[in-house]
Amino acid sequence: MKLLITREELLERTPLGGNIDNDKITPHILTAQDIHVQNILGTKLYDDIVLQVEDGSIAGDNLLLWEKYIKPVLCHYAASDFYLFHAYTIANGGVYRHQSENSFTPDLSEVQVLHDEQKNKAVHYRSMIVDFLCHYSYKYPAYTEYQEAGLYPDRGIADNQWTF
């Protein structure tokens, strides 16, 4: 599946540092895209956008939606998910927690604050997408039509908060 944002776009829009490996951040982008963005757009519009991004044909109203609304929300959802897992590696021998020799690893409550800040930004951008799509739904028929076996767009603003 094609990523709807690049690693560079994620780093530009969030406080994540530039030395994060692609293989560490890509799963969080894909998950945020598949869960959060698809939930906002509904399966049909989501699939249309992904296909157009993959084949380079995205233009017009879909380009506006992708550039102005999808990218910001996806960046912040991906960052919020990444914060919760970036200190860990899962390998054959188990789950490992990384700790640098010359720095301190924040405790879970500090990481939760970082996660919450990114999640709050994502929820803000989510409300912007929903408002935009509801106002201009005539430009996006895939947003309002029957979704067959897919997800219908979630037009609500509230988002589940993770707590630890």
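**View 1. The order of elements along the chain.** From the N terminus on, the elements of this predicted model follow the pattern α-α-α-α-β-β-α-α. That gives 6 helices and 2 strands for the chain. Of the 164 residues in the chain, 41% are buried. Sequence separation is worth a look here too: among contacts between residues at least 6 apart in sequence, 74% join residues at least 24 apart.

**View 2. Where helix α2 meets helix α3.** Here we move in on α2, residues 22–41, and α3, residues 43–55. Their axes come within 7 Å and cross at roughly 120 degrees, so the two helices are oblique to each other. The crossing of α2 and α3 is right-handed.

**View 3. The residues that make the α2–α3 contact.** On the α2 side, you will find Gln33, Asp34, Val37, Gln38 and Leu41. Facing them in this contact, α3 contributes Thr43, Leu45, Tyr46, Ile49 and Val50. Sorted by class, the contact of α2 with α3 comprises 6 nonpolar, 3 polar and 1 charged residues.

**View 4. Arg126 in helix α5.** Arg126 belongs to helix α5, which spans residues 108–135. Its relative accessibility is 2%, and because buried means under 20%, Arg126 counts as buried. What does the side chain of Arg126 reach? Follow the side chain of Arg126 to the backbone oxygen of Gly156, which lies at 3.2 Å.

Conventions
Residues are numbered from 1 along each chain as its sequence is written. This is a predicted model: local features need pLDDT of at least 70, side-chain atom pairs count only at pLDDT 80 or more; totals for chains, interfaces and linings use all residues. Side-chain values use heavy atoms; hydrogens and water are left out. Axes are lines fitted to C-alpha atoms, for helices over the stretch in contact, and angles run from 0 to 180 degrees between N-to-C directions. Helices (H or I, at least four residues) and strands (E, at least two) are DSSP runs, numbered from the N terminus. Angles under 35 degrees count as roughly parallel, over 145 as roughly antiparallel, 65 to 115 as roughly perpendicular and the rest as oblique. A crossing is left-handed if the near helix is turned anticlockwise from the far one by less than a right angle, and right-handed if clockwise. Contact means heavy atoms within 4.5 Å. Ala, Val, Leu, Ile, Met, Phe, Trp, Tyr, Cys and Pro count as nonpolar, Asp, Glu, Lys and Arg as charged, and the others, Gly among them, as polar. Buried means under 20% relative accessible area, exposed over 50%, partly exposed in between (1.4 Å probe, protein chains only). A polar contact is a pair of N or O atoms within 3.5 Å; within protein, one must be able to donate a hydrogen and the other to accept it, and residues adjacent in sequence count only if both atoms are side-chain atoms.
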